[in-house]
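Here are a few friendly notes to read alongside the model. Take them one at a time, with the viewer open.

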Amino acid sequence: MAPKVGIVLVSHSAPLAEGAAELAGQVSGEGVSIGTAGGTDDGRIGTSIDKVERALRLADSGVGVVILPDLGSSVLTVRALLADADDLPDLVVMADAPFVEGAVAAAVTAAAGGDVDAVLAAAQEARHATKL
Amino acid sequence: MPQSCEATITLTGDLHARPAGALSVAAAKFGATVRLSAGEKQVDAKSVLAVMQLGASSGQEVTVQASGPDAEQAVAAIVAILAEASRVGE
């Protein structure tokens, strides 16, 4: 099977990141690598640049990774990593998207074999999805 | 030349998140545009959030419409997923 775009969920809360990853993985079916980086290194609410870097490397299958941050300050952590780290995977992009809906939409598009642009677009279009 | 194809199935279970995901993953693999309609709503089958928003429930008729060179295969695949989702009814 062709490699699929990876997804990294960055949250201030480890259970939130893991729960969103579990849900997105269940909806999309198997085959999509969804990494999580939740909480600080010592398990508190916050974000960790090291956790994001580890998740990014694990999620990468060589065809790109889409990162979804939960709230604004997760964005700062991701930006700091992308600006400073060496030898990151190619084609890493950050999505401006609602966390749960974006994760589900991104995972489904990745499962269908979409490229980084398609997965990013699916995540970002989730902002316009209504529920009722 | 683009082809169109359409089929309708009556659900025997609600269309929940997992089958909605399976449906969108399958739909995205076809070149044809695929639309689902239930009641007054019509959505793009390739958008999982739209498929969930359709809110298709047990007893409701869902129509699958596809347009494009592989429309026939697309409709067959989506109807099969809807039938399976209905049966599981999770």
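Predicted model: local features only at pLDDT ≥ 70, side-chain atom pairs only at ≥ 80, totals over all residues.

1. Chain A has an open sheet of 4 strands in the order 2-1-3-4, with parallel pairing. Strand 2 (34–38) and strand 4 (92–94) of chain A are at the edges with a single partner strand each, so one side of each has no neighbour in the sheet. From one strand to the next, the twist averages 20°.

2. The pairings of strand 1 of chain A can be followed residue by residue. Strand 1 (residues 6–11) runs parallel to strand 3 (residues 65–69) of chain A, and 5 bridges join them. Within strand 3 of chain A, A:Val66 is the bridge partner of A:Ile7, and A:Leu68 stands opposite A:Leu9. Strand 2 of chain A is also parallel to strand 1 of chain A and joined to it by 5 bridges; there, A:Thr36 is the bridge partner of A:Leu9.

3. Which residues have the most contacts inside the largest nonpolar core? They are A:Ile7, A:Leu68, A:Ala106 and A:Ala107, in a core of 72 residues. Helix 4 of chain A gives the most to this core, with 9 residues. Leaving aside residues up to four places away in sequence, A:Ala106 touches A:Ile7, A:Val66, A:Leu68, A:Ala95, A:Val119, A:Ala122 and A:Ala123.

4. Now for the place where the chains meet. Here 17 residues of chain A are in contact with 12 residues of chain B. On the chain A side, the elements that give two or more residues are helix 1 (14–28) and helix 4 (99–111). Helix 4 of chain A gives the most to that side, with 6 residues. By class, the side of chain A that touches chain B has 8 nonpolar, 7 polar and 2 charged residues.

5. How do the two helices numbered 1 cross? The axes of helix 1 of chain A and helix 1 (residues 17–28) of chain B come within 6 Å and cross at roughly 55°; these helices are therefore oblique to each other. In this contact, A:Gln26, A:Val27 and A:Ser28 of the chain A helix meet B:Ala17, B:Arg18, B:Gly21 and B:Val25 of the chain B helix. The contact of helix 1 of chain A with helix 1 of chain B has 3 nonpolar, 3 polar and 1 charged residues by class.

6. Finally, turn to the sheet of chain B. This open sheet of 4 strands has the order 1-4-2-3, with antiparallel pairing. At its edges stand strand 1 (4–10) and strand 3 (41–44) of chain B, each with a single partner strand, so one side of each is left without a neighbour in the sheet. Neighbouring strands of this sheet are turned against each other by 20° on average, direction ignored. Strand 1 and strand 4 (residues 61–67) of chain B pair in the antiparallel sense over 7 bridges, and B:Thr63 in strand 4 of chain B stands opposite B:Thr8.

Definitions and conventions. Residues numbered from 1 in each chain as written. Chains lettered and ligands numbered in written order. Contact = placed C-beta atoms within 7 Å. Nonpolar A, V, L, I, M, F, W, Y, C, P; charged D, E, K, R; others polar. Core = buried A, V, L, I, M, F, W, Y, C linked by C-beta atoms within 7 Å. Buried ≥ 20, exposed ≤ 12 C-beta atoms within 10 Å, placed from the backbone. Axes fitted to C-alpha atoms, helices over the stretch in contact; angles between N-to-C directions. Parallel < 35°, antiparallel > 145°, perpendicular 65-115°, else oblique. Pairing = 2+ DSSP bridges.
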